[in-house]
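Work through the exercises below with the sequence and the coordinates at hand. Each task is followed by a solution in steps.

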Amino acid sequence: MRTRHLSLILSGLLLAACGTSTPPPPPPPPPPPAAATGLDYVDPAGPGWRLVKDGTSTGTRLVLNLVGPAGLMTRGVGFNLQAPASVRFGVFPNRLPVNDMGVYQLLGSTNDPNEPVALIGGIKPGNLLTVGVFQKGREKPAQESGRALCQIALEFDAAAGLRAGDPIALAIPKAKFIREDIGSETDQPGTLAPKVRLADIAIALGTITAK
């Protein structure tokens with residue numbers, strides 16, 4: 001009887017043990033994002049002033065074209081672009097951080113190849129890029145702006161510690177263009193002055209991320 005009683009106790013313990021489940025261990029945390037190796041850019045939507053990716057871009061150097069609204073006649077444009085320290089502004093063969101695309105006629109009436117052109121570009125403290133391309137001379141016609149007018153470049157900085165998927169914030173605090181009508185030499189000073197003022201514009205930016 002004692003043996004049978006002991007067997008019943010053991011059977012009960014075994015059944016109790018089988019009915020108690022051990023919770024599974026929690027899943028491991030996802031691995032951290034891999035270190036970034038380049039930059040990616042998605043063009044902004046819309047037909048207005050915008051910076052769009054050029055076909056010469058590479059994985060580590062984004063070349064962005066400034067394109068204006070189709071049908072708008074202008075004589076030049078300039079803007080400031082603020083970028084974080086995690087990216088660098090690149091330069092072009094002209095040793096400037098801006099490249100002219102040949103739309104505006106940068107030389108005067110003499111077309112002297114040694115004449116300085118109104119193409120400017122520089123990087124100010126705080127990683128602020130300032131660029132501009134402007135046409136010389138009232139005798140030159142204004143140009144249709146719905147095409148690539150100038151280029152800038154953003155370069156990946158491997159030392160910045162970016163991770164794949166990190167967003168990169170860009171901003172354009174100021175942008176202006178020269179209107180088609182800038183007056184003529186026969187205009188009175190009071191009439192001419194308002195025409196030569198640069199007009200404010202808004203330039204749309206795309207989305208840039210580390211990849």
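The exercises go from the whole chain to single residues and pairs.

This is a predicted model, in which local features need pLDDT of at least 70, side-chain atom pairs count only at pLDDT 80 or more, and totals for chains, interfaces and linings use all residues. Residues are numbered from 1 along each chain as its sequence is written, and side-chain values use heavy atoms, with hydrogens and water left out.

**Exercise 1. Determine how many helices and strands the protein has, and what share of its residues is buried.**

Step 1. Assign helices (H or I, at least four residues) and strands (E, at least two) as DSSP runs, numbered from the N terminus. The protein has two helices and 14 strands.

Step 2. Classify each residue by relative accessible area: buried is under 20%, exposed over 50%, and partly exposed in between (1.4 Å probe, protein chains only). Of the 211 residues, 37% count as buried.

Step 3. Count contacts, meaning heavy atoms within 4.5 Å. Among contacts with a separation of 6 or more, 72% come from residues 24 or more positions apart.

**Exercise 2. Find the salt bridges and state which residues are joined into one network.**

Step 1. Search for a side-chain nitrogen of Lys or Arg within 4 Å of a carboxyl oxygen of Asp or Glu, which defines a salt bridge. The structure holds four.

Step 2. Take Arg-61 and Glu-155, whose side chains meet in a salt bridge at 2.6 Å, N to O. Arg-61 is in strand E3 and Glu-155 in strand E10 (residues 148-156), so this pair ties together parts 94 residues apart in sequence. With 21% relative accessibility, Arg-61 counts as partly exposed.

Step 3. Take Asp-157 and Arg-88, which form a salt bridge at 3.3 Å, N to O. This pair links distant parts of the chain, with Asp-157 in the loop between E10 and strand E11 (167-168) and Arg-88 in strand E5, 69 residues apart. Asp-157 is buried at a relative accessible area of 17%, while Arg-88 is partly exposed at 38%.

Step 4. Take Lys-176 and Asp-200, with the closest N and O atoms 2.4 Å apart in a salt bridge. Lys-176 lies in strand E12 and Asp-200 in strand E13 (residues 199-200), so the pair ties together parts that are 24 residues apart in sequence. Lys-176 is partly exposed at 25%, whereas Asp-200 is exposed at 60%.

Step 5. Follow the shared partners: Arg-61, Arg-88, Glu-155 and Asp-157 are joined by salt bridges into one network.

**Exercise 3. Locate the aromatic pair and say why it ties together separate parts of the sequence.**

Step 1. Pair rings of Phe, Tyr and Trp (its six-membered ring) if their centres lie within 6.5 Å; planes under 30 degrees apart are stacked, over 60 edge-to-face, and the rest tilted. The search of the whole structure returns one pair.

Step 2. The partners are Trp-49 and Phe-177, tilted, at 5.9 Å centre to centre with 40 degrees between the planes. Trp-49 is in the loop between strand E1 (39-42) and strand E2 (50-53) and Phe-177 is in strand E12 (residues 171-179), so the pair ties together parts 128 residues apart in sequence.

Step 3. Check accessibility: both Trp-49 and Phe-177 are buried.

**Exercise 4. State whether Arg-95 and Asn-127 are buried or exposed.**

Step 1. Arg-95 is not a glycine, yet has a positive phi of about 70 degrees. Arg-95 is in the loop between strand E5 (87-89) and strand E6 (99-100), and is exposed at 76% relative accessible area.

Step 2. Asn-127 also has a positive phi, near 60 degrees. Asn-127 lies in the loop between E7 and strand E8 (128-134), and is buried at 18%.
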